[in-house]
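Here are some notes to read alongside the structure. Take them one at a time, with the model open beside you.

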Amino acid sequence: MATWPPSRPRERASARPFCNKHHMPDLFSPFTLKDITLRNRIAMSPMTMYRAADDGRITDFHIMLMGSRAAGGFGLVFPEQIAITPDGRTGTSCAGIWDDGQIEGLSRVTAIIKDMGAIPGIQLGHTGRKGSELKPWDGKVQTPPDHPEGWQVRGPSPIPFGGRFPYPVQALGRAEIKDLHRSYADAARRALEAGFEWLEMHFAHGYLGASFFSPLANQRDDEYGGSLENRLRFHREAMDAVRSVWPERLPLTVRLGSDDFHPDGVQFDEAVWAICQLKDHGLDLADLSLGMNTDDVKDVPFDKLAFMVERGSRVRREAGVPVGVSWNLGIPAVADRVIREEMIDLVMLGRPALSNPHWPLYAARELSHEDPLSLLPEDWSWWLRRIPGPEGSQGWPIAVRTA
Ligand SMILES: Cc1cc2nc3c(=O)[nH]c(=O)nc-3n(C[C@H](O)[C@H](O)[C@H](O)COP(=O)(O)O)c2cc1C
């Protein structure tokens, strides 16, 4: 069993010279899923930035953020969670894909990502009872339905989240659930038109998919609630709707709220079962994350390196699907190790991707990659190869090498 953190990461990296022959994968090995090949195992995980226009259209900010990460060497680049309906946004400054007029802006995002050699991924989501939120810097609290920036939030059952999200939740009727599934399919069709090549459905973090799966938020007595089988019906139908328009040749993945860290909430064993079921509905890769269906959590290991990796590895083994996970994987030796040991297939970076647009290059240098500049677009590295200067003069972080 692997221990965290690896005891002497830098010595490990240099004791085992970098090899990219692909008989054993490492962080920089390509990864093929369906007809899509990522140039390495490093993904920028979706991050909501509260920088979209009020009508859900993306802005130059997104082009800058995504383009720079693709240029920095990430293999797969996601913008933020993109809402399938206006009330599926976190707040009014979050991006959406409920209208054909939103396709053009998203196409600009996919174009720059592809131009820089990465694959553009889209995360489709609906925030459910955790929507109608003010921007973090304006308070990050829910606003009431009659607030100019607020709306009536909806969820599986009329149970407010509580705390920062105090307002009443309208329980979705069956017809509304069907409408949402149609919205998922319409969004997937637009995503395809916009040029995305990887689609992740956001069923984590207390948003709508997570709340249907969790007994803490879902207390329905119809076919969408009660048994574990029923609590996964919303997701199976949503995936079927998306798969009906999203081509078989392109990856369809799910980010699942796999543990509520609460005795009455989702237990990880249930998530393992759920991922097995979703394989029959077109799932190509699982991204395990937290349920976040309550603030009343116990023992969430937020301060532990790589804390979702053991769970991801179990799903990979037991469900037999490729897995990518986030959470505290920003130390290159740790990220490389979880790929080398074939615990997971993809490293999904959140905060490290925010803080360092060139994280893949930084990691390559830390791990003594034989040619770190090969991670960059060719026309970008061309200049750096030809005008090298002394070590450190180009502005890259200097790799710490052990003797
Ligand atoms: C500013 C910010 C916004 C985020 N927004 C989303 C989101 O839209 N969708 C999502 O699935 N996760 C979101 N996350 C979670 C990240 O994708 C990631 O899983 C998390 O930060 C843990 O990875 P890390 O340890 O590499 O940061 C967000 C995280 C941050 C820091």
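1. Let's start with a question: are helix 8 and helix 9 parallel, perpendicular or oblique to each other? This is a predicted model, and in it the axes of helix 8 (residues 268-278) and helix 9 (residues 309-319) come within 10 Å and cross at roughly 40°. Angles under 35 degrees would count as roughly parallel, and 65 to 115 as roughly perpendicular, so helix 8 and helix 9 are oblique.

2. Now for the details of that pair. Helix 8 passes helix 9 in a right-handed crossing. On the helix 8 side, the residues in contact are F268, V272, I275 and C276, and they meet R311, R314, V315, E318 and A319 of helix 9. Sorted by class, this contact has 6 nonpolar residues, 3 charged ones and no polar ones.

3. Next, look at helix 4 (residues 174-194) and helix 7 (residues 233-243). Their axes are 8 Å apart, and the packing angle is about 35°. The crossing is right-handed here too: helix 4 passes helix 7 that way. From helix 4, I177, H181, R182, Y184, A185 and A188 meet F234, E237, A238, A241 and V242 in helix 7. The tally for this contact is 8 nonpolar, 1 polar and 2 charged residues.

4. Helix 4 has another partner to check, helix 3 (residues 103-115), and the axes of these two come within 8 Å and cross at roughly 50°. That angle is why helix 3 and helix 4 also count as oblique to each other. Their crossing is right-handed. I103, L106, S107 and T110 of helix 3 meet R190, E193 and A194 of helix 4, and by class that makes 3 nonpolar, 2 polar and 2 charged residues.

5. Which residues come nearest to it? There are 21 residues around the ligand, and the nearest are S45, Q81, S326, G350 and R351. The shell as a whole has 11 polar, 7 nonpolar and 3 charged residues.

6. Finally, how far should you trust what you see? The protein chain has a mean pLDDT of 93, with 94% of its residues at 70 or more. Confidence is highest in strand 6 (residues 119-125), at 99, and lowest in helix 1 (residues 9-15), at a mean of 33. Across residues 1-21 the pLDDT is below 50, although this stretch has 35 contacts in the model beyond near neighbours in sequence. Where pLDDT is low, predicted coordinates should not be read in detail.

Definitions and conventions. Residues numbered from 1 in each chain as written. Predicted model: local features only at pLDDT ≥ 70, side-chain atom pairs only at ≥ 80, totals over all residues. Near = placed C-beta within 6 Å. Nonpolar A, V, L, I, M, F, W, Y, C, P; charged D, E, K, R; others polar. Axes fitted to C-alpha atoms, helices over the stretch in contact; angles between N-to-C directions. Helix = DSSP H or I, 4+ residues; strand = E, 2+ residues; numbered from the N terminus. Parallel < 35°, antiparallel > 145°, perpendicular 65-115°, else oblique. Left-handed = near helix turned anticlockwise from the far one by under 90°. Contact = placed C-beta atoms within 7 Å. pLDDT = per-residue confidence, 0-100.
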